[in-house]
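The following note sets out numbered points on the model, for reading alongside the sequence and the coordinates.

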Amino acid sequence: MGISPRALFRLLISLQLSFLLPSLSLAEEETEEQVSSLLRKMTLEEKAGQMTQLTLGAISSSEATSENPEAHQFDMDKLRHALINKHVGSILNVHNVAFSAKQWRKVLTQVQTLATEETRLQIPILYGIDSVHGANYVREGTLFPHNLGLAATRNPLLVERCHAVTALETRSAGIPWNFGPSLDVGRQPVWSRYVETFGEDVHITTVMAEASVRGLQGSSLSSRKAVAATAKHFLAYSLPTSGQDRTQTLLPEHYLREYFLPPFKNAIEQGVQAIMVNSGEVNGVPIHASHEMLSVLLREELKFDGVIVSDWEDVKKLHNLHRVAPDLKEAVRMSVHAGIDMCMAPYDFHFSNNLIKLVKEGAIPESRLDESVRRILRMKFSLGLFNEPVPPASSAGEIGSEEAHQLSLQAARESLILLKNKGVLPLEKKGQILLTGPGCHSLAALHGSWSYTWQGTDEEAYPEGLQTILQSFNDGYGRENVLWARGAQWDGSTDFDYAMNKARNADVVVCVLGEKPSTETPGNIPDLSMPDNQLRLVRRLATGKPLILVLLGNRPRLITEIAGHCHAIVYAGQPGPHGGKALYELLTGQFNPSGRLPFTYPRHPNSLLTYDHKHSDSVGPDKETPGFNPLYEFGHGLSYTSFAFSDLKLKSSTLTKSDEILLSVRVSNTGSRAGKETVHVFTRDLFASITPQVKRLRAFSQIELKAGESKVVTFKIPVKELAYHNLESTSVLEPGEFDVMVGDLTERILIK
Ligand code: BGC
């Protein structure tokens, strides 16, 4: 078992061996001393309270509404009771709908004033929020495409910049802690939170997660531009076997380590402050009760010494949902024994009340609480909350600046993926265009969940001035040239005749399909197919006129039966506030699309394989029917120009385990327009002791080329990254031959 630098610090201090302490900075040493001194003064009740997190609604008398986001009021008796009598350490969430920055500062000031002036030890509150794709609960905040769209950009620097804006805007509203990024690897496309992932690939998720954490936390947590990040949800939340949210995952440990652990491991190395626990169960064990996962794996092996926070009401659920604890007291014991530091209770005091009893009965040592409280206090000190519980309004950064919106527009442009183009795009701006489909005039459809409200579906909650796709076309094409008819609704209803009447007068049809935004359990679906009324709409529209399909939504809904009717298809996901404009610009050729699929677009409902499947998955019933036959492959994405790869070269093809693979490839823009191409480098282990995948992505890089231009791109991949987890769940690198692949080019290496 390893020991973290901080634990070592405490040990050496307690043994009066502080001269042996080179590893902590002065600031860290000072923080440790402040934490220790405060901890010594705390009663058992204060410690249990510090580990409790309540939702804002539990201490409020009225909630904000779409018409009046300022309507929120505290129930002062409840707030005082929670902070003064129950010593609550943390609060989360918005109450119903996004607050204005002014309202947020008022809320935070009320909370922090009470905490720092009227509680015995004057400890500030750690306020947390889900800024999932921008500061989405701050009314003036800048929203961005969801993570799936950010992954499609293949632009980690852009992802970092988006998250830096999120941090600045969240902190400027007074909130120092973000429940993000999601590091769940998206390997189950039915899952309602697929859009919150960076897609199916482990490497892309790891790289984008690192960029997100860097953007959120910046170089100093106490900066007024930074927030503490939370890597969530540990572990394997994103692979519910049934596809339904918060249900069981069945997964051998070597796959858990191979596909789900790496982004967390890397984020911990990057200094992520908190980790949120998976609400579901893996192999029959709810993670909130798993000592093996939270203490042995996360604490001891990965050396995570930040705050482990439960997810929503999940300690209670050990009793009333998962049924591994016969009562709430046992649920609390299990979760604390497993390793959680803070319980997102979030409505009552079941956690702290039972925790106090358990310590008094001797079932949990008080020193165990000290460990958790130490981590929570440390985070509060690192965030500078003791010095500045709410940054003064005069120092707050600008929320929703022009620059931030330009960045969001850039992210939207780069996130769009052109899946198909049979000569119709870019559109010539002439004649009449019909905009149709349930997504064509909906802000909710562009934004998705976690947008002003939890599910993002309340159109009234969206600030004025945002444009739907239809409105962007009205602006760009001239209203007189744009026809529109919804044709099909989210609720399953249709109005085909009206839409077909309009279609008769149109020269081009743009049909925007997708799903009503949702997340978590409300987003559970029994069938990945695109809803039937939408499929029927496209079939009706398939008259031979140019038909362009735009896909919005949480996940890749199946479109196999209509894809052939469409002359062009764009996957837009949930591109955010500037998605309408970005789509208009893409379709009319004002920029050259560069998004690449971060997932495999399935063709059939019972064939949801990822690109890095096993060889046996490639075998079909006959020669014409391959086993792996997606509609669009991982990495696919067209451009208005064309690219070619050539001259794939390896510096050396015989390597040892400590070497690096040095490779270069020439990329040429063979078309007539400037554009961006992504080079994906895959490897294939030819033979291994457990079945190797057909390929694995090891590196990617984006390059911009003028028409006719060509450049050489180089990569350095440490050979040790070709290791895999064997049946003993140990990472091994077996000597032997590997293929290195870029596009259609392959070179072979030998690892000795
Ligand atoms: C979600 C988390 C989120 C939390 C707080 C839960 O239901 O699973 O991702 O951070 O709520 O809003």
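1. His233 lies in strand 7, which spans residues 230–234; helices (H or I, at least four residues) and strands (E, at least two) are DSSP runs numbered from the N terminus. The peptide bond that leads from Lys232 into His233 is cis, with omega near 5°.

2. The model is predicted: local features need pLDDT of at least 70, side-chain atom pairs count only at pLDDT 80 or more, and totals for chains, interfaces and linings use all residues. Residues are numbered from 1 along each chain as its sequence is written, and side-chain values use heavy atoms, with hydrogens and water left out.

3. A further cis peptide bond runs from Phe234 to Leu235, with omega near 5°. Leu235 is placed in the loop between strand 7 and helix 9 (253–269).

4. Lys232 and His233 also belong to the residues around the ligand, together with Leu92, Asp130, Phe179, Arg193, Arg246, Met276, Asp311, Trp312, Met344 and Glu520; a residue counts here if one of its heavy atoms lies within 4 Å of the molecule. By class, this shell divides into five nonpolar, one polar and six charged residues. In this scheme Ala, Val, Leu, Ile, Met, Phe, Trp, Tyr, Cys and Pro count as nonpolar, Asp, Glu, Lys and Arg as charged, and the others, Gly among them, as polar.

5. A polar side-chain atom of Asp130 is 2.5 Å from a ligand oxygen atom. For Lys232, the distance from a polar side-chain atom to an oxygen atom of the ligand is 2.9 Å. An N or O atom in the side chain of Arg246 likewise lies 2.9 Å from an oxygen atom of the ligand. Of the 310 Å² of accessible area that the ligand has on its own, the protein covers 96% (Shrake-Rupley method, 1.4 Å probe).

6. Asn93 has phi near 85°, a positive value in a residue other than glycine. Asn93 sits in the loop between strand 4 (90–92) and helix 5 (101–118).

7. How do helix 12 and helix 13 cross? The axes of helix 12 (residues 328–338) and helix 13 (residues 350–361) come within 9 Å and cross at roughly 80°; axes are lines fitted to C-alpha atoms over the stretch in contact, with angles from 0 to 180 degrees between N-to-C directions. The two helices are therefore roughly perpendicular to each other (65 to 115 degrees).

Notes: Polar contact = N/O pair within 3.5 Å; in protein donor to acceptor, adjacent residues only side chain to side chain. Parallel < 35°, antiparallel > 145°, perpendicular 65-115°, else oblique.
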